[in-house]
Amino acid sequence: MPSHEEPVSMFDTMVIATDGSASVRRAVRVALDLAERFDASVHALYVIDAGDVETAPERLRDEMRDALTERGEEALAEVKAETERDVTVAVREGRPAAEISNYAREVDADAVAMGTRGRHGENRFLIGSVAERVVRSCPVPVLTVRQLETDKADPLLDGDDDAVDADEAA
């Protein structure tokens, strides 16, 4: 007798780690596309690097923390602006790789998506210190999306879904 069970979704919960930089924009679009395709819930996370705050002069730490929190809120707002889906947002403070991994565990994420900067020459095998640490330590799969060279058009960032579908079919 055939089973009539519901199909299992590959991704139920997706975490997007953002630092608000240009290199993460492509990762945001890819992650949101996956979330849409699998009807996954979306979490966006910004981590204030505690090392940056701790190394600032003591009299400036509160101001720096406030400025970084504001930057994080702006980065998270950019993620939310990219989709009509509900996005749960969080700002954490700590070591970025550890915080990303801990957050993924806390929300029972199926995957984490984050951007990387492309490297050239002898550094071409490195994907970025935070991204590399997350890949090595995260308890769930990590999707790293490389920023394209600045002179190349990116259909994901241009919003050309037909071009994206054509690229996937090729």
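Of the 170 residues in the chain, 37% are buried. When contacts between residues at least 6 apart in sequence are considered, 75% of them join residues that are at least 24 apart.

The average pLDDT is 83, and 75% of the residues score at least 70. Over residues 119–127, however, the pLDDT is below 50, and this stretch has 11 contacts in the model beyond near neighbours in sequence. Residues 162–170 likewise have a pLDDT under 50, and for them the model has 7 contacts beyond four places in sequence. Where pLDDT is low, the predicted coordinates should not be read in detail.

Helix α4, which spans residues 96–106, packs with helix α5, residues 129–137, at an angle of about 40°, and the axes of the two helices are 8 Å apart. The crossing of α4 and α5 is right-handed. On the α4 side the contact is made by Pro96, Ala97, Ile100 and Ser101, and on the α5 side by Val130, Arg133, Val134 and Ser137. Sorted by class, the contact of α4 with α5 has 5 nonpolar, 2 polar and 1 charged residues.

The buried residues of α4 are Pro96, Ala97, Glu99, Ile100, Ser101, Tyr103 and Ala104. An α-helix has 3.6 residues a turn, so residues three or four places apart point the same way.

Aspartate 108, which follows α4, is located in the loop between α4 and β4, and its phi is near 55°, a positive value in a residue other than glycine. With a relative accessibility of 62%, aspartate 108 counts as exposed. Aspartate 39 lies in the loop between α1 and β2, and for this residue, which is not a glycine, phi is again positive, near 55°. Aspartate 39 is counted as exposed, its relative accessibility being 59%.

Alanine 40 is also found in the loop between α1 (22–38) and β2, but this residue is buried, with a relative accessible area of 2%. Leaving aside neighbours within four places in sequence, alanine 40 is in contact with Phe11, Asp12, Thr13, Ala35 and Arg85. Alanine 40 and arginine 85 are 45 residues apart along the chain, and their C-alpha atoms are separated by 9.4 Å.

Aspartate 52 belongs to helix α2, residues 50–54. With a relative accessible area of 39%, aspartate 52 is partly exposed. Although aspartate 52 and arginine 95 are 43 residues apart in sequence, the distance between them in space is 9.7 Å, C-alpha to C-alpha.

Technical notes
Residues are numbered from 1 along each chain as its sequence is written. This is a predicted model: local features need pLDDT of at least 70, side-chain atom pairs count only at pLDDT 80 or more; totals for chains, interfaces and linings use all residues. Side-chain values use heavy atoms; hydrogens and water are left out. Axes are lines fitted to C-alpha atoms, for helices over the stretch in contact, and angles run from 0 to 180 degrees between N-to-C directions. Helices (H or I, at least four residues) and strands (E, at least two) are DSSP runs, numbered from the N terminus. A crossing is left-handed if the near helix is turned anticlockwise from the far one by less than a right angle, and right-handed if clockwise. Contact means heavy atoms within 4.5 Å. Ala, Val, Leu, Ile, Met, Phe, Trp, Tyr, Cys and Pro count as nonpolar, Asp, Glu, Lys and Arg as charged, and the others, Gly among them, as polar. Buried means under 20% relative accessible area, exposed over 50%, partly exposed in between (1.4 Å probe, protein chains only). pLDDT is the predictor's confidence in each residue, from 0 to 100.
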